[in-house]
Amino acid sequence: MTFNNNASMVGFFPQGVSVEEVIAKDTKELEEVGGSFEAIASRMEEIVRFAEENSRNLPETMDDKVRVIFYIATRGMQLCPYGGCDYEGQRIKGWNEDISIINPSTGRELVVNSGTAHLARVHNLLEKGNKYGISAKEFYQHFI
């Protein structure tokens with residue numbers, strides 16, 4: 001599958017870095033912490049569900065690692081940046097919504113949505129260098 005870093009207005013990771021490099025670094029970190037992209041994606045999906053269910057009461061604490069600050073639907077839609085993905089040309093539910101979260105203890109902030117969960121689960125990719133960006137190790141430290 002081909003990857004289009006320009007499929008997002010903010011880019012999925014900084015220019016000059018390859019998708020293979022990003023995935024390899026996170027894979028190594030997951031081996032170090034005994035984690036998985038599957039667990040990260042599942043946690044992101046859990047956060048999305050919580051935010052949807054509590055969108056009228058935000059900010060709201062989900063647990064000791066996640067406080068949901070806001071939930072907002074954006075205009076337009078984001079497509080999967082991988083050419084040939086089963087989701088290509090289709091709207092991934094929620095990918096046009098942003099859920100801003102913070103770890104109340106560490107202050108680490110992040111934005112997640114169904115698209116970031118899709119990228120983690122299906123493509124083993126975590127974004128970098130933007131509001132959705134986090135390393136695998138950081139995600140475990142702050143949000144799992």
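**A. Glu46 and Arg43 are separated by about one helical turn, being 3 residues apart in helix α2 (residues 37–53).** Helices here are DSSP runs of H or I with at least four residues, strands are E runs of at least two, and both are numbered from the N terminus. In this predicted model, local features need pLDDT of at least 70 and side-chain atom pairs 80 or more, while totals for chains, interfaces and linings use all residues. Residue numbers start from 1 along each chain as its sequence is written, and side-chain values use heavy atoms, with hydrogens and water left out. The side chains of Glu46 and Arg43 pair up in a salt bridge, N to O 3.2 Å (a Lys or Arg side-chain nitrogen within 4 Å of an Asp or Glu carboxyl oxygen). Residues three or four places apart on an α-helix point the same way, because there are 3.6 residues a turn. Arg43 is buried, with 10% relative accessible area, whereas Glu46 comes out at 35% and counts as partly exposed (buried is under 20%, exposed over 50%, partly exposed in between, with a 1.4 Å probe and protein chains only).

Asp26 and Lys128 form a salt bridge, at 2.5 Å from N to O. Asp26 belongs to helix α1 (residues 19–33) and Lys128 to the loop between α3 (114–123) and α4 (136–143), so this pair ties together parts 102 residues apart in sequence. Both Asp26 and Lys128 are buried. The structure holds 8 salt bridges.

**C. Lys131 reaches Asp98 in a salt bridge, with the closest N and O atoms 3.2 Å apart.** Lys131 sits in the loop between α3 and α4 and Asp98 in strand β5 (residues 97–102), so parts 33 residues apart in sequence are tied together. Asp98 is buried at 5% relative accessible area, while Lys131 is partly exposed at 48%.

**D. α2 and α3 run past each other with axes that come within 8 Å and cross at roughly 165°.** That crossing angle makes the two helices, α2 and α3, roughly antiparallel. On the α2 side, the contact takes in Phe37, Glu38, Ile40, Ala41, Ser42, Met44, Glu45 and Val48, and on the α3 side Ser114, Thr116, Ala117, Ala120 and Arg121. By class, the residues of this α2–α3 contact split into 7 nonpolar, 3 polar and 3 charged. Contact means heavy atoms within 4.5 Å. Axes are lines fitted to C-alpha atoms, for helices over the stretch in contact, with angles from 0 to 180 degrees between N-to-C directions. Under 35 degrees counts as roughly parallel, over 145 as roughly antiparallel, 65 to 115 as roughly perpendicular, and the rest as oblique.

**E. Helix α3 is largely enclosed by the rest of the structure, since 8 of its 10 residues are buried.** The buried residues of α3 are Ser114, Gly115, Thr116, Ala117, His118, Leu119, Ala120 and His123. Among the elements covering the buried residues of α3 are α1, α2, β4 (82–83) and β6.

α1 and α4 pack with their axes 7 Å apart, at an angle of about 45°. The two helices, α1 and α4, are therefore oblique to each other. Asp26, Glu29, Leu30, Glu32 and Val33 of α1 meet Ala136, Lys137 and Tyr140 of α4. The tally for the α1–α4 contact is 4 nonpolar, no polar and 4 charged residues. (Ala, Val, Leu, Ile, Met, Phe, Trp, Tyr, Cys and Pro count as nonpolar, Asp, Glu, Lys and Arg as charged, and the others, Gly among them, as polar.)

**G. α2 and α4 pack at about 50°, their axes 11 Å apart.** This pair, α2 and α4, is therefore oblique. From α2, Ala39, Ile40, Arg43 and Met44 meet Ala136, Phe139, Tyr140 and Phe143 from α4. Sorted by class, the α2–α4 contact has 7 nonpolar, no polar and 1 charged residues.

**H. Helix α4 buries Ala136, Phe139, Tyr140, His142 and Phe143.** These buried α4 residues pack against α1, α2, β5 and β6 (109–112).

**I. Arg108 sits in the loop between β5 and β6.** With 18% relative accessibility, Arg108 counts as buried. Leaving aside residues up to four places away in sequence, Arg108 touches Ile101, Ile102, Asn103, Gly133, Ile134, Glu138, His142 and Phe143. Arg108 and Gln141 are 33 residues apart in sequence, with 9.8 Å between their C-alpha atoms.
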